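Student: Please take a close look at a single part of this model, the surroundings of the ligand. Then follow the elements there into the rest of the fold.

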Amino acid sequence: MSATLASPAPPRAAAARNVLRWVLIGAVLLLALLPVLNRLPLDSALHVSDFVVSVTGKWITYAVLALAIDLAWGYAGILSLGHGAFFALGGYAIGMHLMRLIGPRGVYGHPTLPDFMVFLGYRELPWYWWGFDHFPFALLMALAVPGVLAAVVGFLAFRSRITGVYFSIITQALTYALMLAFFRNDMGFGGNNGFTDFKELLGMPLNTPNARAMLFYASLASLLGAYWLCTRVTRSKLGRVLVAVRDAESRVRFLGYDTTRIKLFVFVLSAVLAGLAGALYVPQVGIINPGEFSPGNSIEAVVWVAVGGRGTLVGAVLGAFSVNALKTWLTSVAPDLWLFALGGLFVAVTLFLPRGLIGLLRRREP
Amino acid sequence: MTAPVLYLDGVSVVFDGFRALNSLSLIVEPGELRAVIGPNGAGKTTMMDVITGKTRPIAGEVRFRDHDLTRLDEAAIATLGIGRKFQKPTVFDALTVFENLELALKAPRGPVACLRWALSGEAARRIEAVLDETGLASRSQDRAAILSHGQRQWLEIGMLLMQDPELLLVDEPVAGMTDQETEHTAALLRRIAGGRSVVVVEHDLEFVRALGRRVTVLHEGSVLSEGSIDHVQNDPRVVEVYLGR
Ligand SMILES: Nc1ncnc2c1ncn2[C@@H]1O[C@H](COP(=O)(O)OP(=O)(O)OP(=O)(O)O)[C@@H](O)[C@H]1O
Ligand SMILES: [Mg+2]
């Protein structure tokens, strides 16, 4: 029924969308090929280095984070400057699992306690570490902890009608507070060193081409899944309600929608996706420390979305890849310039490209 | 005697020591079309804010059928069957006319229900009926952003109709409209009332005359005069504070 009533797109926009679809499918296939090309002999012209595979795998997790931010910001107008916290919490949850799997292979050789606990004189595992030796539990926590935190923060903020820049500031404060907390040794999360020296995951030794490929494909599958989920939301009536909330929240409230619940739903979903991204990120980079909570990280992730074009989903992914490609290149040629470049990029996009890179391709807003 | 739909008695609202409403009383019967007029700052919009739960009175009674509106929040009041058209038209520019009406349609409003929503034939027919009633059928697939001023106002009235409200509050619908649009709007509101009660706030006396129903004049937060348009236009107090300026 709805198909017959949906607006017929103008031919030019439809054509542009078709081209975009094929470009995307091509890009995904190309990405999927990377770990295969990695296996080619070193002297092959098509050989792809380990570095490229692991960096791309990392960017894919960033793209999932960008999707999460775009869903909340681009559609519902909820500008969180604390999504790095949800990402980091997801990462810490998987990090705890990876630490537990080290077992007696640590420097101190303790059968259950991670090295840093032995070092700090712990006698036994703190209760909040229980269960993390099981992968499904750790994965569940990687999604549930960010989700519950977002539910609490979102409930308090949305119920008090805290919106716009005030909400952004609260979320910045949240990630900053978590960073300070995780820096403390007595939190039981490894203090400023965080977790590292991981050995294996799901029976696979890490740092092998196999593990790299598996994590890469898990990330790619998660990106596709997250994209599917986000389009499912944005193309439903809920997506139209979100856009309405973004543009005129009080009007939506007068239509009888409980906008607190609507915003809470999308904010929690967004935080869960950010947690998933963090959970995929940590095994690939092999380390998680409180630096991941630093407020700058959250801002950087928002810049990806702004650069790609918010409220488009595809733009968020595009932004995550392109800004990080720029960052990887720039930090190798002129590391000191990165923060200036990031700031400049944000200003430039805001002034000259308000609809981001994707705005160059598309003409109709969501 | 039927029970009134809307019953305001002794309602007062204070902003920083300033009395925006001063012991205001107003009764609206089922199916009635009531015009409310008054000079700038008389408290007309504030009265609507009180009815819709946006502003809380410091004193007085506000009842809709047997519900005490001073105890309910905006969403709950909207769900009870009170629709409001704002002074500034606020349709959703990024959505099409059809989508605007679809959002307003009576349907479960939780996030999960919205996510799983599929347009039924029944719902589509309701939307099409309102498209016809408001004269917007040909603009159904256009984004609200590109509608004319008058069309935006009708879309907003259409959105209120989608919710099938018992009481409709309409704030300055014809401000900035052409004469033809104003006429169309008066006819639309007359058509709408009857099945439901409508309260219209308006400055434009030609329009109020075109509505041809009972008029309430507000001044400094309370009722100055009430009756037919001819009656209030000849009331010396009204002439003094409002019409005679
Ligand atoms: N939120 C508020 N805070 C302080 N003062 C307010 C507030 N809302 C309204 N007022 C004041 O209350 C008075 C009544 O305002 P209201 O908007 O109800 O008038 P109105 O009759 O709708 O006028 P208009 O014809 O200009 O729309 C005005 O003096 C206004 O300045
Ligand atoms: Mg007003």
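Tutor: A backbone N or O atom of Gly43(B) lies 2.9 Å from an oxygen atom of ligand 1. This is a predicted model, and every distance given here is computed from it. Gly41(B) also takes part through its backbone, with a polar atom 2.9 Å from an oxygen atom of ligand 1. With Thr46(B), it is the side chain that supplies the N or O atom, at 2.5 Å from an oxygen atom of the ligand. Taken alone, ligand 1 exposes 640 Å², and the protein buries 62% of that area.

Two elements of chain B each give two or more residues to the shell around ligand 1: strand 2 (18-28) and helix 1 (44-51). Helix 1 of chain B gives the most, with three residues. The shell has 13 residues, of which Asn40(B), Gly41(B), Lys44(B), Thr45(B) and Thr46(B) come nearest to the ligand. By residue class, the shell around ligand 1 divides into seven polar, four nonpolar and two charged residues.

In chain B, four strands form an open sheet with the order 2-1-4-5 and antiparallel pairing. Strand 2 and strand 5 (67-68) of chain B are its edge strands, each pairing on one side only. Strand 2 is joined to strand 1 (residues 6-15) of chain B by seven bridges, and the two run antiparallel. In this pair, Phe15(B) stands opposite Phe18(B) of strand 2.

Tyr7(B) has Arg63(B) in strand 4 as its bridge partner. Strand 4 and strand 5 of chain B then pair over two bridges in the antiparallel sense, with Phe64(B) opposite His67(B) in strand 5. These two strands form a hairpin with two residues between them, and Arg65(B) in the turn has a positive phi of about 50°.

Chain B also contains an open sheet of six strands, in the order 6-7-8-3-9-10 with mixed pairing. Its edges are strand 6 (82-85) and strand 10 (222-227) of chain B, each of which pairs on one side only. From one strand to the next, the twist averages 20°. Inside this sheet, strand 3 (residues 33-37) and strand 8 (residues 197-201) of chain B run parallel and are joined by four bridges. Leu33(B) has Val198(B) in strand 8 as its bridge partner. Helix 6 (residues 149-162) of chain B packs on the sheet, where it touches strand 6 and strand 7 (167-171) of chain B. The direction of helix 6 makes about 175° with that of strand 6 of chain B. Helix 7 (residues 179-192) of chain B lies across strand 3, strand 7 and strand 8 of chain B, running at about 150° to strand 8.

How values were computed:
Residues numbered from 1 in each chain as written. Chains lettered and ligands numbered in written order. Predicted model: local features only at pLDDT ≥ 70, side-chain atom pairs only at ≥ 80, totals over all residues. Heavy atoms only, no water. Near = heavy atom within 4 Å. Polar contact = N/O pair within 3.5 Å; in protein donor to acceptor, adjacent residues only side chain to side chain. Areas by Shrake-Rupley, 256 points an atom, 1.4 Å probe, with all protein chains shown as cover. Nonpolar A, V, L, I, M, F, W, Y, C, P; charged D, E, K, R; others polar. Pairing = 2+ DSSP bridges. Axes fitted to C-alpha atoms, helices over the stretch in contact; angles between N-to-C directions. Contact = heavy atoms within 4.5 Å.
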